[in-house]
Each structure stands twice: as structure tokens, then as C-alpha cells.
Amino acid sequence: MSHSRTSKGTIGSRICRNSDTICICCDCGFFATRKWSWTDESLGFSSERGDKVIPLSLYLILGSQNCKYAPEFVLQEAIRGGVTMFQFREKGESALPYREKRDLAKRLQQICQNNDIPFIVNDDIELTRELNADGIHIGQDDRPLKDVRAWFPDKIVGVSAHDVGEASKAMREGADYLGVGPMYHTDTKPDIELVKGPAVIQAMRKSGIQIPIVGIGGITHANAEAVLRAGADGIAVISAITKDQDPYQAAQMFCTDKTKRLDNKQLLR
Ligand SMILES: Cc1ncc(COP(=O)(O)OP(=O)(O)O)c(N)n1
Ligand SMILES: Cc1ncsc1CCOP(=O)(O)O
Ligand SMILES: [Mg+2]
């Protein structure tokens, strides 16, 4: 896969300073891999973590409880199909006990490292530390972002946000990206909030939220485009890939012209 570098300036609504490290893959734009720093003086806030790559385009999340086949196989195949970032989320009644969970996490981390893909841990501070993961994703009911940011100043920290207020707070407190949802109905997570739809991403963008956003919840090949058009940088998917007969093809089908990262003019904002 060949990469081209952009010239200095703005990417979407972000003002990019370290432009020599920004690359946009091929001419499709889908695999936008960014090293960026950004600033938004109107919000009185700026972030200078320009050495982090947060390739949110197609963010696969899974644990053993989600998979039709062995998790290692599903991840390998999905990466082959175009997944750009991975979150290990071993959760629920059938989740593995700690030692097995850690061993599985290590094997999946190795696959990510072999493929140069960020390995993010869901919720678990200890596991993040033990494995020296690339980052952690926390929700509104998990450990406070301020603490997590302080413990892991250099890791990618993602935060779930369900409305503009939560998004603004997370941005102020140093989140690297937001997971926004649920976009649509899903049976994958029993304790979800009410469906928000892509409109909540639009509202966040209109209110000045500039950090990367990934939409999550019930995302399929049929509705992914609407999430990106609303202003998301990418989509986060569990069942559309993990339950598919062919995880390679399921991932690949998200990487089409219609679901590629959209430029600013195409957004609904
Ligand atoms: C990318 C992304 N977005 C949102 C979530 C949900 O996090 P949370 O609300 O903490 O729920 P659990 O996943 O912990 O059940 C996520 N995991 N990833
Ligand atoms: C973890 C999570 N957070 C909000 S919805 C959700 C589940 C997403 O799973 P699916 O892609 O199968 O709907
Ligand atoms: Mg959580």
C-alpha cells in the first residue's frame, strides 16, 4: 500500500502543525493514518500529542464472547480485509477468567504488532499496564478520565460519549478520541443507552468538538456511510465482522468508495 503526504494546513476541521508526518493512504482516503497535533483557540484548549497515530477508519472491537470462529483467526482475517485499529473487549457472562483473558490478549496484541495496528484495551487498567498496550478505552461508568490520563500520559485514551456535554468534558480532560453511540440498535451490548443516531455526531461537530470521533453500535455495511457523513472519522464494529461467515470479506466490504473517509464538503455539518 503506498502513502502520500499532505502539505501543511488543515485536515478536515483540524489545524495540523506537524504536517510532514500526516499521510493519507493512496488516493482513496479511507486508511487515513494520522500523526497530528491540533488546536482550537475558540475553546481555549489545545492538545499537543502529535506523535500518536490514531487510525480510526475501521476500528474492530472483540472478545472471545463475540466470535463465530477463534478470535485470533477473526482478527487476522479482519486486518487482512482492512481493519485499521483494534480493541480487546473481553466482557460479559461468558468472558474468560483473568489468566486466560490475559493470554488471549497477548496473542491478539502480537497479531496487531505484526500488522502495525494499535492494540487498545477496553476498561482494564491493569491489563493495559501489564501488556504495555497502545491505549485504553473507557466509558462514562469506568475509571475517571482525569486519572486514566495521568496514569497513561503517552497512551491513546478513548472515551465513550453520548451527548455534546460528555464529549466536551472528555475533550477538555484530554481524550484522544471519542466513541459515540449507539448509532443504531444492537444486541451486542445489553446495557446500552438509547439509540442516538448519527445526528449526535453532527451536533458534536456543530458545537466545536474537533477531536477524532468513531461511531459505534449496530453499524453495518448499509448504514456506515451515514455515520461518516455526519462527521465521524471512522466506524467501530463488533458483530458485523465477528459474526460473519467470512470476516475478511466483511471487513473488506466496509472499505468501499461509499464508506471511505469523506472530505469536509461531503459532511452533513
Ligand atoms: C470505540 C468504543 N466506543 C464506545 C465503547 C463503549 O464503552 P463503554 O461505554 O465503557 O462500554 P463497554 O464497552 O465497556 O461495555 C467502546 N468500548 N469502544
Ligand atoms: C461496545 C458498544 N458500545 C456501544 S454499542 C456497543 C456494541 C457494538 O457492537 P455491534 O457493532 O455488534 O453493534
Ligand atoms: Mg467500559
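**Note on the predicted model**

1. Of the 269 residues that make up the chain, 41% count as buried, and it should be kept in mind throughout that this is a predicted model. The chain contains 9 helices and 14 strands, and among its contacts between residues at least 6 apart in sequence, 59% join residues at least 24 apart.

2. The largest nonpolar core has 61 residues, and those with the most contacts inside it are Y59, L60, F86, L178, V214, V227 and I235. Strand 7, which covers residues 58-62, gives the most to this core, with 5 residues.

3. Helix 1, residues 71-81, has as its buried residues P71, V74, L75, E77, A78, I79 and G81. What covers these buried residues includes strand 7, strand 8 (85-88), helix 2 (98-114), helix 8 (239-242) and helix 9 (247-252). Just after helix 1 comes G82, which takes a positive phi of about 130°.

4. In helix 5, residues 164-172, the buried residues include A167, A170 and M171. These residues cover an arc of only 100° around the axis, and therefore lie on the same side of helix 5. The reasoning can be followed from the geometry of an α-helix, which has 3.6 residues a turn, so that residues three or four places apart point the same way. The face of helix 5 turned away from its buried side carries the exposed residues G165 and R172, and helix 5 is followed by G174, whose phi is positive, near 105°.

5. Ligand 1 is surrounded by 17 residues, of which the closest are G139, S160, G179, I216 and A236.

6. Ligand 2 is surrounded by 14 residues, and the closest of them are T186, T188, G217, I238 and S239. By class, the shell around ligand 2 has 7 nonpolar, 6 polar and 1 charged residues.

Note on methods
Residues are numbered from 1 along each chain as its sequence is written. Chains are lettered from A and ligands numbered from 1 in the order in which they are written. This is a predicted model: local features need pLDDT of at least 70, side-chain atom pairs count only at pLDDT 80 or more; totals for chains, interfaces and linings use all residues. A residue is buried if 20 or more other C-beta atoms lie within 10 Å of its own, exposed if 12 or fewer, and partly exposed in between; C-beta atoms are placed from the backbone. Helices (H or I, at least four residues) and strands (E, at least two) are DSSP runs, numbered from the N terminus. The arc is that of the directions from the helix axis to the C-beta atoms. Two residues are in contact if their C-beta atoms, placed from the backbone, lie within 7 Å. A nonpolar core is a set of buried Ala, Val, Leu, Ile, Met, Phe, Trp, Tyr and Cys residues joined through C-beta atoms within 7 Å. A residue is near a molecule or strand if its C-beta atom, placed from the backbone, lies within 6 Å of it. Ala, Val, Leu, Ile, Met, Phe, Trp, Tyr, Cys and Pro count as nonpolar, Asp, Glu, Lys and Arg as charged, and the others, Gly among them, as polar.
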